[in-house]
Every structure is written in C-alpha cells, then in structure tokens.
Amino acid sequence: MDVLIACEFSGRVREAFRRRGHNAWSCDLLPADDASPHHLVGDVRDWLARGPDGVTWDVMVAHPPCTYLTVSGLHWNTRDPARARETESALAFVRELMAAPVGAYALENPVGCISSRIRKPDQIVQPYQFGDDASKATCLWLKNLPKLRIVPALRYPGRMVTLADGKVVERWSNQTDSGQNRLGPSEDRWKLRSLTYPGIAEAFAENWG
Ligand SMILES: C[S@@+](CC[C@H](N)C(=O)[O-])C[C@H]1O[C@@H](n2cnc3c(N)ncnc32)[C@H](O)[C@@H]1O
C-alpha cells in the first residue's frame, strides 16, 4: 500500500509500515531524525493529492500539532486573542487533513477541542495497552479504518500508588505519583513529548497495513 505519515519527523510510524512491505513516506516541516530517503520536508498539504512518483495514498496517518488544541491549554484562549486565533488555524489544518483525497485515514491527537469543534474521536487508546511503560490518552479519528485491536497480553502494568486520601491509582514511568508528566522543561521537551510511542506505531502498521 501507499501510505503517507503526515507530520512525522521521527519515522517511527513510517518504518513500522515499511518493515511490513508498504511504500510508506513521512512528511514534516522538519527533516527526518533518521535521515531516511523516504521523508518529505515541507508542507504536507502539497503532498496530499499525490506523493512521489505520482502515487495516490491508500492510507494517511496524521499527527497534526496539538499545542493549541489540547484541553490543558485552552483556558488561556479567553485571555489571549492571539492564542485563540492559533487554535482556529490549528483546527483549520485538521479539517484540511480530514478532507484529504486519501482512501482512508487515522488522525491522532491528545484529548482536546477537535472533539467538541469537529467531531468525537472513534477510539481513545493508551501506550500501555500496546506494551509501552507510559500513560497518555491518545484520540484517534478514523475514516475507512477499523479501531485498533486491544490485545490484553500486551498491556504494560503500571505501579500502584497510594494517594494521601488512601485511594490507590496506577501510574507509569512517564508520570509522577501525583500523575504529572515527568519531563522537565528543556529546549526539546515538545519534541520528546510528541514522539509516537513504539508500541502504538507497531499497532498502527499491524492493524491498518
Ligand atoms: C505533534 S508533532 C508529531 C510528531 C510525530 N508524532 C513524530 O513521532 O515524529 C507535529 C509535527 O507536525 C509538523 N507540522 C506542522 N505543520 C506542518 C505542515 N503544514 N506540514 C508538515 N508538517 C507539519 C511539525 O513540524 C511537528 O513536527
């Protein structure tokens, strides 16, 4: 199959498809971390209708930027009109991706305003359901693709933490006991946080390839 991975610099989903024999390409404004020849640098909107060699895409997996869409930042929009405009432009980009002339798509984003402004996700998954030691609710909007199959044996068990009120909760390595993200501030924090988890990348290619 001809597969476009929109907004990916890591190559994780691209390579999961390529390992299974598909003609998969990633595209991002940034160069690929792995310097792959199967990466397009530039605006993905220029590649939605046709890929290299004129191929049309059977499947697109898209990871549009979530900075102005996630639920945690939206409360700033009421006080900051410039930020509110960024949210509108991020939503317009999501709509363009969803309207792409591709046979099927999966668009991935954290919990945020795509659900209330465009449509509800078809599935919400967690990295620990696919073998990764991490918790991060990941929403999937699907067109002509099935939901990811959840295999109970793949589940990575978290550590059990007893909170001050006596409640016992499950936490994973990327979380503090109180449930915050562990990654401290740094220049490449956004990049590290935006990487697709390896187990989820494999599940995409296994289920949709
Ligand atoms: C949330 S990150 C996704 C990273 C991805 N999960 C990975 O593992 O590489 C969003 C990416 O979208 C890219 N991006 C933003 N606008 C774009 C556009 N118009 N065309 C292509 N890529 C774009 C950004 O450069 C950023 O790398």
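**Entry 1: the sheet as a whole**

I began with the strands and found an open sheet of seven, in the order E3-E2-E1-E4-E5-E7-E6, with mixed pairing. At the edges I noted strand E3 (39-41) and strand E6 (123-125), each of which pairs on one side only. From one strand to the next, the twist averages 20 degrees. A reminder to myself: this is a predicted model.

**Entry 2**

Next I looked up how strand E1 (residues 2-6) meets E2, and I found parallel pairing over five bridges. What do E1, helix H1 (residues 12-18) and E2 make together? They form a right-handed β-α-β unit.

I then followed E2 to its other neighbour. E2 and E3 are also parallel partners, with three bridges. Is strand E2 (residues 23-28) mostly covered or mostly open? I found it mostly covered, with five of its six residues buried. For this I counted a residue as buried when its relative accessible area is under 20%.

**Entry 3: E4 and E5**

I moved on to strand E4 (residues 59-62) and strand E5 (residues 104-109), which run parallel and are joined by four bridges. Which residue in E5 is the bridge partner of Val59? I looked it up, and the partner is Ala104.

**Entry 4: E5, E7 and E6**

On this side I came to antiparallel pairs. E5 and E7 run antiparallel, and five bridges join them. Within this pair, I found Leu107 opposite Trp141 in E7. E6 and E7 pair in the antiparallel sense too, over three bridges. My example there is Val125, which stands opposite Thr138 in E7. I also checked how covered E7 is: five of its six residues are buried.

**Entry 5: helices across the strands**

Last, I looked for helices lying over the sheet. Helix H2 (residues 81-98) lies across E4, E5 and strand E7 (138-143). Its direction is at about 155 degrees to E5. Which strands does helix H5 (residues 198-208) lie across? I listed E4, E5, E6 and E7, and helix H5 runs at about 20 degrees to E7.

Conventions: Residues numbered from 1 in each chain as written. Predicted model: local features only at pLDDT ≥ 70, side-chain atom pairs only at ≥ 80, totals over all residues. Heavy atoms only, no water. Pairing = 2+ DSSP bridges. Axes fitted to C-alpha atoms, helices over the stretch in contact; angles between N-to-C directions. Contact = heavy atoms within 4.5 Å. Buried < 20%, exposed > 50% of the residue type's maximum accessible area, 1.4 Å probe, protein only. Right-handed = clockwise from strand over helix to strand, strands pointing away.
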